[in-house]
Amino acid sequence: MRRRLRWVEPIALGLPLLAILAGTSLFGWAPLLPASLAVLLFLLAPRLLPHERRPELVAAAAFVATELCLAAAIVVASGGRGYLLPVLVLPMVLVCVLFPARVTIAGIVFTSVLIVAVGLGFDRAEVIASPPILYFPPLLAVILTISAMQLRNLDADTRSKVVVDRLTGLLNRAALAPRLAELAHQAEVTGAQVAVIIADVDHFKAINDRHGHTSGDSVLKEVAARLRGCLGSFEPIYRLGGEEFMLVLAGTDVEAAAGVAQRLRAAVNSTPLLDLEVTMSCGVAASESGQPFEFEAVFARADAALYRAKGSGRDRVCVGGSRTEAAVAAQDAGPAATHTAKRSASGPEPLAVEGPAVGSWRARIAREEAETGSWLVRDEIEREHLLELNRRLRKVFRAAAGIAFVGIVVAGPWYGWLTLVPPVIVAIAYNAMEFNLERLRRPEYALAVGWFAFQASIAAGFCLSTGAPMFALYLFLTMVIGSSAVFPARGVVVGVGFTALLMVIVAFNRAPQLVVHQPAILLLPLAALVAIACTGWAVGQSAIDHRSASVVDHLTGLLNRTALEARSAELAAQTAQTGESVAVIVTDLDRFKAVNDSHGHVVGDIVLREAAYRIRKCLRAFESAYRFGGEEFVVLLAGVDETEASTVAERLWEAVRREPMNGLPVTMSVGVAASAAGERFDYGAVFARADAALLQAKRAGRDQVQLAWTVTSVVAAAPTVRVIAV
């Protein structure tokens with residue numbers, strides 16, 4: 001997060017520094033030195049963090065030092081200290097998106113005490129004449145930080161989902177990326193070896209085919225638990241996909257890694273899993289001592305060793321040999337192997353080596369975004385982020401509005417009571433709108449209107465005030481951090497521009513002569529507005545990036561189990577009111593295990609990407625396909641019964657089998673089921689029926705579409721009755 005905020009920090013502290021420079025006629029020249037030192041300290045801290053054993057302590061110390069320097073700048077100012085006090089809030093907002101709640105609370109207390117000490121100790125006369133000058137900055141700090149904490153929590157939640165496999169609880173491909181980069185750097189510096197172990201559950205395809213995917217999932221979870229039990233706390237294991245797992249062991253040669261692999265293999269087949277005899281094969285390879293760690297090359301040798309273990313009877317560990325052996329294995333696997341195993345950080349590659357061009361893939365994504373997005377959100381992922389963040393901020397908004405209400409009420413004797421009327425009216429309307437937000441087709445526009453209306457209500461309150469409470473221009477910032485987090489850059493620019501315009505109008509309406517002669521009084525809150533907006537946008541984009549990764553399968557580019565669970569829950573809620581049918585299509589590539597065993601996992605990955613592309617291409621923009629596991633995909637069709645879904649299923653089936661994939665003939669079996677009209681959609685029940693239909697299709701010879709009603713209507717003595725797509 002500190003890296004993501006690196007570009008924000010110079011803006012957040014540099015712009016107020018420029019505003020202070022523009023206000024030397026009011027503040028004097030003395031504040032520039034401590035204020036410049038504060039900016040320097042805060043900007044130098046990130047350079048130290050990567051080299052520190054406890055980087056959080058360095059960041060906290062930099063915050064304290066920055067606040068003390070800013071306080072010193074206010075103390076030595078020759079006048080206008082009341083306008084400078086809110087500047088102490090800006091570092092607090094930056095810190096609260098980095099640290100947990102307990103540290104944030106301590107920071108708020110520290111900042112508030114500092115504000116009170118500076119105000120009472122060095123500007124007592126002005127504070128006595130207008131007490132809101134003193135209590136307003138701490139209230140502002142509380143309002144902004146509780147909103148920023150919600151942003152931080154959302155980012156942390158989505159960040160954790162990104163790197164954890166939903167089914168097994170192991171780390172996934174996305175988590176592997178930074179680890180590989182780290183190991184490559186360490187190996188280059190130290191010359192230490194790095195070993196790679198690829199483990200594959202033997203005959204796992206048969207478990208799914210004979211016992212169903214529910215049993216297969218249970219086996220995978222138990223295998224993962226046994227593998228974890230064999231490893232130390234700092235030896236993570238990654239699920240590559242399906243029944244494939246991988247370990248990357250730093251400072252380990254090939255012999256030691258082979259010993260670890262033997263221990264893992266023995267743990268898996270030590271006792272039956274769910275009364276099933278389950279075994280595992282492993283391939284092992286390591287980088288050469290004193291040589292750079294090239295993951296692709298080491299992985300290729302480990303994959304070749306796994307291929308040899310499978311071909312030698314399974315349930316064994318084989319060790320990869322030299323680079324020459326890897327080259328020979330790549331030649332045997334065909335041209336696709338030259339792509340090696342870029343399973344790490346690069347994200348989904350083009351969907352096929354022989355197939356659709358990258359341009360057509362990007363064009364399709366652009367078309368989908370045009371159909372599902374709007375000017376304010378790019379696609380459904382960003383829209384879901386907007387709604388999720390709004391749900392989290394809903395209580396915060398009420399708390400912030402309550403705090404602001406109390407602050408304005410207390411200021412009533414000095415600035416009048418009419419200032420309350422416009423914000424209260426808009427707050428009531430905004431609260432009513434929020435409860436209906438998720439029913440709207442384009443909720444982002446309603447939120448934007450709400451943001452603009454709230455800002456306008458603050459401006460109206462200012463215009464109704466008696467006197468000129470210019471120190472309170474920072475009230476315009478209360479909604480900015482949350483709103484900036486939910487909209488893309490163009491929306492933030494418009495919102496910030498509108499807010500800045502209102503601030504200028506208010507300033508010249510209440511105190512035109514003061515603003516003309518002392519522009520820093522307006523420039524300081526404008527600088528804070530930009531700083532807060534940039535902070536909110538940066539944290540919001542982080543959450544969006546992680547949300548995208550957490551719901552998108554890293555290999556195929558399809559949505560994953562997390563997205564499937566969310567969508568199925570959403571459809572269940574909708575059908576409880578509408579009673580419409582929802583169909584579930586479960587697909588499984590036939591004999592895909594043989595592709596991996598005979599041609600290697602690199603070729604297998606290419607086939608999966610191509611199959612995913614063909615499936616997605618057959619669906620409309622609002623119909624989503626999900627990678628359920630290994631070579632299994634699920635499609636949800638809202639408002640579609642079983643007969644209509646069978647037509648879609650046949651289209652998917654035909655698209656996959658129509659042309660070879662990377663030179664290999666690939667077929668697919670499909671199971672179809674749907675909820676009954678008038679009933680609430682129960683995903684678990686409908687999926688179980690579709691999975692049973694898929695199982696029947698497998699038993700009946702594969703390469704066909706099977707409807708759930710045919711499975712339940714035939715007697716056990718006639719298992720050959722089926723619906724075959726022709």
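This is a predicted model: local features need pLDDT of at least 70, side-chain atom pairs count only at pLDDT 80 or more; totals for chains, interfaces and linings use all residues.
The largest nonpolar core has 112 residues. L473, F476 and F487 have the most contacts inside it. Helix α24 (residues 520–551) supplies the largest share of this core, 14 residues. Beyond its neighbours within four places in sequence, F487 is in contact with L376, L386, E444, L447, A448, W451, V492 and W537. Another core, of 36 residues, lies apart from the largest one. Its members include L558, V635, L664 and V705.

The structure holds 16 salt bridges. In one of them, K205 pairs with D588, with the closest N and O atoms 1.8 Å apart. K205 lies in helix α11 (residues 204–211) and D588 in strand β6 (residues 582–589), 383 residues apart. Both residues, K205 and D588, are buried. D217 and R561 also form a salt bridge, at 3.0 Å from N to O. D217 belongs to helix α12 (residues 213–229) and R561 to helix α25 (residues 561–578), so this pair ties together parts 344 residues apart in sequence. D217 and R561 are both buried. A further salt bridge joins R314 and D597, with 2.6 Å between the closest N and O atoms. D597 has a relative accessible area of 10% and is therefore buried. Through shared partners, salt bridges also join D200, D202, E243, K310 and K593 into one network.

On the surface, F405, V406, V410, W414, V424 and I428 form a nonpolar patch. Together they have about 520 Å² of accessible area. Helix α17 gives the most to this patch, three residues. F405 lies in α17. Its relative accessibility is 40%, so F405 counts as partly exposed.

Note on methods. Residues are numbered from 1 along each chain as its sequence is written. Side-chain values use heavy atoms; hydrogens and water are left out. Patches are made of residues with over 30% relative accessible area and no salt bridge: like charges are joined within 9 Å, nonpolar side chains (Val, Leu, Ile, Met, Phe, Trp, Tyr) within 5 Å. Accessible areas come from the Shrake-Rupley method with a 1.4 Å probe; for residues, only the protein chains shown count as cover. A salt bridge is a side-chain nitrogen of Lys or Arg within 4 Å of a carboxyl oxygen of Asp or Glu. Helices (H or I, at least four residues) and strands (E, at least two) are DSSP runs, numbered from the N terminus. Buried means under 20% relative accessible area, exposed over 50%, partly exposed in between (1.4 Å probe, protein chains only). A nonpolar core is a set of buried Ala, Val, Leu, Ile, Met, Phe, Trp, Tyr and Cys residues joined through side-chain atoms within 4.5 Å. Contact means heavy atoms within 4.5 Å.
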